[in-house]
Amino acid sequence: MILDILIAMLWSVSPFGEAKVGIPYAIFNNVNMYVSFLTCFLANVLVFPIMTFFLDYLNKHLLRWNFYKRSAIKIARRVKTGAGSNIGKFGFWGIILFVMLPIPGTGVYAGSIASYLFRMPYKQAFLANTVGIFFSCVMVMAMTMATYHGIN
């Protein structure tokens with residue numbers, strides 16, 4: 001069970017799944033639903049400070065390499081296109097909405113990048129991303145439990 005929790009947490013910090021994958025993984029491996037929610041939520045919240053550190057300190061050094069620079073510009077354009085209208089109109093609430101949608105391409109990675117690109121203050125961006133993650137986790141948990149109980 002501890003291994004399943006650790007794997008779920010790794011999914012939750014991964015850009016390939018976040019808690020959208022971590023919570024269902026834990027539930028379908030018979031981890032208690034409250035433990036699943038809490039551990040995956042907290043792991044997903046850790047992404048914001050990690051991404052902020054990366055964007056604030058490491059990004060400027062990596063931009064010297066053309067491959068990285070092209071990739072970073074491509075990702076920034078995609079995030080601005082996907083989140084730009086919401087954040088431009090709604091700011092804090094736009095980040096919450098963008099992060100909370102449990103669909104591919106949204107989440108705390110994109111929310112962190114959007115917060116950085118739109119120069120949102122750190123505390124405000126952290127709160128918006130955390131609230132968005134919470135609501136996303138609630139939706140994923142509800143859908144997972146409905147599916148899990150439908151199967152069993």
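A residue counts as buried when its relative accessible area is under 20%, as exposed when it is over 50%, and as partly exposed in between, with a 1.4 Å probe and protein chains only. Of the 152 residues of the protein chain, 43% are buried by this rule. The model is predicted, so local features need pLDDT of at least 70 and side-chain atom pairs count only at pLDDT 80 or more, while totals for chains, interfaces and linings use all residues. Residues are numbered from 1 along each chain as its sequence is written, and side-chain values use heavy atoms, leaving out hydrogens and water.

**Overall form**

The protein chain has 8 helices and 0 strands; helices (H or I, at least four residues) and strands (E, at least two) are DSSP runs, numbered from the N terminus. The radius of gyration of the protein chain is 16 Å, close to the 15 Å that the globule rule gives for 152 residues, so the chain is as compact as a globular protein of that length. This radius is taken over C-alpha atoms, and the globule rule is 2.2 Å times the number of residues to the power 0.38. Along the principal axes, the C-alpha atoms fill a box of roughly 50 × 35 × 25 Å.

A contact means heavy atoms within 4.5 Å. Among contacts in the protein chain between residues at least 6 apart in sequence, 71% join residues at least 24 apart.

| Residue | Relative accessibility | Class |
|---|---|---|
| Tyr57 | 48% | partly exposed |
| Thr106 | 9% | buried |
| Ala142 | 48% | partly exposed |

Tyr57 is found in helix H4, which covers residues 47-62.

Thr106 sits in the loop between helix H6 (92-100) and helix H7 (108-117). Apart from neighbours within four places in sequence, Thr106 is in contact with Glu18, Lys20, Phe98 and Leu101. The side chain of Thr106 also reaches the backbone oxygen of Ile103 at 2.9 Å. From C-alpha to C-alpha, Thr106 and Phe48 are 13 Å apart in space and 58 residues apart in sequence.

Ala142 belongs to helix H8 (residues 122-151).

Methods:
A polar contact is a pair of N or O atoms within 3.5 Å; within protein, one must be able to donate a hydrogen and the other to accept it, and residues adjacent in sequence count only if both atoms are side-chain atoms.
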